[in-house]
Amino acid sequence: SLIATILLYAGVALFCGCGHEALSGTVNILQTYFEMTRSAGDVIDVFTMIDIFKYVIYGVAAAFFVYGILLMVEGFFTTGAIKDLYGDFKITTCGRCVSAWFIMLTYIFMLAWLGVTAFTSLPVYMYFNLWTICQNATVMDGTNLCLDLRQYGIVTIGEEKKVCTSSESFFKMCDSNELNMTFHLFIVALAGAGAAVIAMVHYLMVLSANWAYVKDACRMQKYEDIKSKEEQELHDIHSTRSKERLNAYT
């Protein structure tokens, strides 16, 4: 649980931190080199979607910080319940239900992080195409290469927002550190999402193992309770017969 928690925190921190900065860099690139502006009113445009993604990142960071602590606590309580099976701290039905609930919830979160990883790969693919165009523009002189935002669904078909190698802004964008930094931030965010998926898988293994241990411990607890009752009954029967023999002798 400790290893999985560290991996989860590291992955979520990389995804949230680098993803947030990469989205901010994307806004600057769109405004500076593609000459895009925010739409007036309540129109949902690409900038509004980026703001929504930032708020989602804030929620993901807070939610999984708490969830990691809960999983750590659950692991410690399960270990303590198994070690002190015959002490004051015993396994209850509620504890088994909590363990099963965490298994189901972790499985759902693992599927969610798989979706997040697939979604994060989209901007990496887009920036990789842009980076490839910048590399080819320096190698192939006289070739007019363009990047049109309409093919990625960022703008509507009626809007023409593209940058070509024949324009000066294209070479400024390729030479800027902002493009290179944003590209690598998205790559690190993708790696963080992948680390979170691995952490969820690790948690599933830990929780499943704990569930198996708890199940075996419950069976052992029932066996020991039945055994102690039988021994008590045998002791009571032996004591009763001894008293009967003593009374008969008297």
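In which helix is leucine 70 found? Leucine 70 is found in helix α2, which covers residues 46-83. The model described here is predicted. Its secondary structure comes to five helices and two strands, and buried residues make up 35% of the 250 residues in the protein.

**Overall architecture**

- Along the sequence, the elements follow the pattern α-α-α-β-β-α-α.
- Among the helices, α1 covers residues 2-32, α3 covers 93-139 and α5 covers 177-249.

- Phe65, Val66, Ile69, Leu70, Val73 and Phe77 make a nonpolar surface patch of about 530 Å².
- Leucine 70, a member of this patch, has a relative accessible area of 41%. Leucine 70 is therefore classed as partly exposed, since that class lies between the limits of 20% and 50%.
- Valine 46 also lies in helix α2. Its relative accessibility is 16%, so valine 46 counts as buried, the limit for that class being under 20%.
- Valine 46 and leucine 30 are 16 residues apart along the chain, and their C-alpha atoms are separated by 9.6 Å.

**The largest pocket**

- The largest pocket holds about 920 Å³ of space.
- Its lining is formed by 34 residues. Those that lie nearest the centre of the pocket are Leu23, Phe53, Phe119, Pro123 and Phe186.
- Four helices, α1, α2, α3 and α5, each supply at least two residues of this lining.
- Helix α3 gives the largest share of the lining, with eleven residues.
- By class, the lining of the largest pocket comprises 29 nonpolar residues, four polar residues and one charged residue.

- Phenylalanine 102 has its place in helix α3. With a relative accessible area of 10%, phenylalanine 102 is buried, because buried means under 20%.
- Between phenylalanine 102 and tyrosine 203 there are 9.5 Å from C-alpha to C-alpha, although the two residues are 101 residues apart along the chain.
- Isoleucine 133 is found in helix α3 as well. The relative accessible area of isoleucine 133 is 13%, and this residue is therefore buried.
- Isoleucine 133 and leucine 145 are twelve residues apart in sequence, while their C-alpha atoms are 6.9 Å apart in space.

**Helix α5: tryptophan 211**

- Tryptophan 211 lies in helix α5.
- Is tryptophan 211 buried or partly exposed? With a relative accessible area of 31%, tryptophan 211 is partly exposed, because this value falls between the limits of 20% for buried and 50% for exposed residues.
- The C-alpha atoms of tryptophan 211 and threonine 78 are separated by 8.6 Å, and the two residues are 133 residues apart along the chain.

Methods
Residues are numbered from 1 along each chain as its sequence is written. This is a predicted model: local features need pLDDT of at least 70, side-chain atom pairs count only at pLDDT 80 or more; totals for chains, interfaces and linings use all residues. Side-chain values use heavy atoms; hydrogens and water are left out. Patches are made of residues with over 30% relative accessible area and no salt bridge: like charges are joined within 9 Å, nonpolar side chains (Val, Leu, Ile, Met, Phe, Trp, Tyr) within 5 Å. Accessible areas come from the Shrake-Rupley method with a 1.4 Å probe; for residues, only the protein chains shown count as cover. A salt bridge is a side-chain nitrogen of Lys or Arg within 4 Å of a carboxyl oxygen of Asp or Glu. Buried means under 20% relative accessible area, exposed over 50%, partly exposed in between (1.4 Å probe, protein chains only). On a 1 Å grid over the protein atoms alone, a cavity is a set of points where a 1.4 Å probe fits but cannot get out, and a pocket is an open set with protein on both sides within 12 Å along at least five of seven lines; lining residues have an atom within 4 Å of a point. Grid points are joined across faces, edges and corners, and a volume is the space filled by probe spheres set on the points. Ala, Val, Leu, Ile, Met, Phe, Trp, Tyr, Cys and Pro count as nonpolar, Asp, Glu, Lys and Arg as charged, and the others, Gly among them, as polar.
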